[in-house]
Amino acid sequence: MDLTFSAAEEAFRADLRGWLADNLPSAWREPGFWATVPDAEAFELRREWERRKFDAGFAGIDWPTEFGGRGGTPGMKAIYDEEMAHARAPSTVNSLGLAFLAPTIMAIGSEEQKREIIRPLLRCDVIWCQGFSEPDAGSDLAALRASGVADGEDIVVNGQKVWTTNAIHADRIFALVRTEPGSQRHRGISMLLIDMHQDGVEARPLRQMSGATEFGEVFFTNARVPATECLGGLGNGWATAMLLLSFERGASGILQYTSFRRAYDEIVRAARVLGRDQEPVLRQELAQRLVELECLRYHAMHVLTRVEQGADLGSESSMTKLQWSETYQDLFETFDNLLGSDIAIGSPVAGLDLTALQAEGFWSRSVTIWGGSSQVQRNIVAERVLGLPR
Amino acid sequence: MFFALTDEQRALGDTVRDFLADRFDLTAVRAVFEDAAGDGHPTELWKAVGEQGWLAVCVPEEYDGLGLGILDAHVVARALGAGVVPGPWLSTVLAGEAVRLAGSEAQRAELLPRIAAGDLAATVALRGAGRGWGADGVTVSAAPVAGEPAGEAGSAVGALTGAASPVEYLAVAGLVVVAATEPGTAAGAAETGAGSAAGSAGIGLYLVDPQAAGVTVEPLTSYDGTTRLAALKLEGAHARRLPGSSAAVLEDLVRRGAVLTSADLAGIAREALTRTVRYDQERIQFGRPVGSFQALKHHLADLHVAVTMAEHAAMYAAYAIDAELDDLLLAVAVAKAKASQAARDATAAMIQYHGGIGYTWEHETHFFYKRARRLYGAFGDPPSHLERVAALTIDTVAAPDSAAAAV
């Protein structure tokens, strides 16, 4: 065991902390700040923030320098995640592009795609969204029906995507489209890189139960995309998608730990103000949440170790997702137990503004659905890790 | 960052597991389990344990030990838990840790080489029946013995009176480390530099010979046949004091016990889960393996996550002790709470997902379930560790000034 970071990694942490102290607006660090800013304005503030990070060398921490990254270690990426959460810096507005599309292009993209897509993505000059889910193809992604038909040099796309994060802000969409008419399930699908700024593409916001509109739906009506704007080859979209989703597996959970641990401390402060922090039953429940959070931290160190060793985490990443998402949801159920009869009050309770925690509580209902629902993750663990029969 | 076992540590665990598979499998466990009148201490196994060096792990090299740490011992504990192995390994290791941490040079030289070699089975008696773990739970008191010099570099002698229970393997132990209160010696604890937080009474650790006058061993029946339990009664029994002992050393010892128990529990839980998965891959009902039903799959997947977290937590807590990490107290409480729960859940699922056969005496499920159930309470049950977690993470969070003022 050695739970320390290298001298170079700690030097990176010091640099990053110093830069954040100088550059992150203090108002942004206040809980609830982002709830006071209209969505569109918030998006632009965050987009500009990403550009400043890029220009200062704090983007693509573990990406090769040839793609505009910093060329750092997995440890530096973990430190970056931790420090950003500590500082309450906003999360990226290009998350799906950063986490999924860029690494896939680095792995299998053409030289031209590498050159033209990655750097603008990293600098948030081009915002990407992901077009996978459809109304009738959620967990069962292979049931997707969006169609693409060749027409000269182009492919003409029709269909609908849904649960699309950042749909209304995105410039481009990487979408799974059935380009072989009549093909079934995993065959005949292509991953197309479609320009959203055209008449054939309409993005509509989708209001979530939390009241926010991070998601949207995207309608394709004779949208056109050059056949060259395909990632991984025509008809090879399923394999490309599986490769793309595998890049989630480098995520250790340290970002979630840092941010959830802060939520825990805020819930504890609320318990104190409400005069309930010495109640034995609530203490037991809070402590149980903390036990699971600390286990997540140990697990994140385990995952980071495996990544540094170059291991393919494979299906093990389903365990990471289950641990953080279920723990997060449980934490906010404990928050509900703390509020008791005041649970439904949106106005301050005992002089305490709880809107940010309440919003997180509603958000927590989504984390066990997106990115592979808990039920899908349990199937993966049961079948591919434990070896139980299908 | 290296959150993993070294190749040497992995090899140590493999050696224990391979040995048990060859020489002490569940048939051998059953023989001990069902021989309730026996001492639960198979001599062939113990001889091998000594020869293999599993008792020497934490003993310094100068006393013929391996000079390793609790992290290495946790690897052995996990493998012994997986094998539901009987015998006084844990109790002897903890007695050795007491001697190593608080003994005089002469006491270490006398006892540690014998412990390391397996020549001396030992145990610890740290709490009274129904009491907590730590200074508050001690129900033995020590009185000075007339004519014996006290507080010198060598060991003083005390007369011990009181009781401790349950004590593991008391009947076969050649040595018992007993915790006793020492009225009016709080200053004595401070002298050791250990900074006792235990209140007014100091705590001493004493070396008790079970054969000495004033010592009574009362066997207790145990549902878990992979150990033997007894109550220790002391009526003025003379015992040598470990001169470095204090309430802080007692709490350190309890933490070591809690972490090694967590490792044992993690081993039990993993083995219970593995055996259950194997059975449910083969067991056919409704024309298909029962393990193909999602009702089982999803629960088993959740258990895999829980058991993995328990393994991480036990490993982290063991390292936290060795490296004296800042969050050591939290880490131990997290590990013991998590491992206890994971082992209970995994062994309960082992019974459930074996169906009727899993509820029979003939099947091995109950070895795992009963051992996990005993260890659930050993060195603190989950509620007590959760309260420790609460004290460390709720009572230490700063109150919000402005909001508090508004109330």
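## Two chains and the terms that describe them

User: What share of the contacts in chain A with a separation of 6 or more comes from residues 24 or more positions apart?

Analyst: In chain A, residues 24 or more positions apart account for 74% of the contacts with a separation of 6 or more; a contact requires that the C-beta atoms of two residues, placed from the backbone, lie within 7 Å. The corresponding share in chain B is 75%. This is a predicted model, in which local features need pLDDT of at least 70 and side-chain atom pairs count only at pLDDT 80 or more, while totals for chains, interfaces and linings use all residues. Residues are numbered from 1 along each chain as its sequence is written, and chains are lettered from A and ligands numbered from 1 in the order in which they are written.

User: Why is chain A called as compact as a globular protein of that length?

Analyst: Chain A has 11 helices and eight strands; helices (H or I, at least four residues) and strands (E, at least two) are DSSP runs, numbered from the N terminus. Its radius of gyration, taken over C-alpha atoms, is compared with a globule rule of 2.2 Å times the number of residues to the power 0.38. For the 390 residues of chain A the rule gives 21 Å, and the value of 22 Å is close to that, so the chain is as compact as a globular protein of that length. The C-alpha trace spans about 70 × 50 × 50 Å along its principal axes.

User: What makes chain B as compact as a globular protein of that length?

Analyst: Chain B comes to 13 helices and nine strands. Its radius of gyration is 22 Å, and the globule rule gives 22 Å for 407 residues, so the description holds for chain B. Along the principal axes, its C-alpha atoms fill a box of roughly 80 × 70 × 40 Å.

User: Why does A:W163 count as buried?

Analyst: A residue is buried if 20 or more other C-beta atoms lie within 10 Å of its own, exposed if 12 or fewer, and partly exposed in between, with C-beta atoms placed from the backbone. A:W163 has 20 C-beta neighbours inside 10 Å and therefore counts as buried. A:W163 lies in the loop between β3 (154-161) and β4 (172-178) of chain A, and its phi is near 60°, a positive value in a residue other than glycine. Most residues other than glycine have a negative phi. By the same cut-offs, 43% of the 390 residues of chain A count as buried, and 56% of the 407 residues of chain B.

User: How do you know whether A:R88 is buried, exposed or partly exposed?

Analyst: A:R88 has 16 other C-beta atoms within 10 Å, so A:R88 is partly exposed. A:R88 is found in the loop between α3 (74-86) and α4 (95-108) of chain A, with a positive phi of about 60° although it is not a glycine.

User: What makes A:A8 exposed?

Analyst: A:A8 has 12 other C-beta atoms within 10 Å, so A:A8 is exposed. A:A8 lies in helix α1 (residues 7-23) of chain A.

User: Why are α8(A) and α9(B) called roughly perpendicular?

Analyst: Helix α8 (residues 280-308) of chain A and helix α9 (residues 294-323) of chain B pack at an angle of about 85°, with their axes 9 Å apart. Axes are lines fitted to C-alpha atoms, for helices over the stretch in contact, and angles run from 0 to 180 degrees between N-to-C directions. Angles under 35 degrees count as roughly parallel, over 145 as roughly antiparallel, 65 to 115 as roughly perpendicular and the rest as oblique. The two helices are therefore roughly perpendicular to each other. In this contact A:C295, A:Y298, A:H299 and A:H302 meet B:M309, B:H312, B:A313 and B:Y316.

User: Which element gives the largest share of the side of chain B that touches chain A?

Analyst: The contact involves 42 residues of chain B and 44 residues of chain A. Helix α9(B) gives the largest share of the chain B side, 13 residues. That side divides into 29 nonpolar, eight polar and five charged residues.

Key
Ala, Val, Leu, Ile, Met, Phe, Trp, Tyr, Cys and Pro count as nonpolar, Asp, Glu, Lys and Arg as charged, and the others, Gly among them, as polar.
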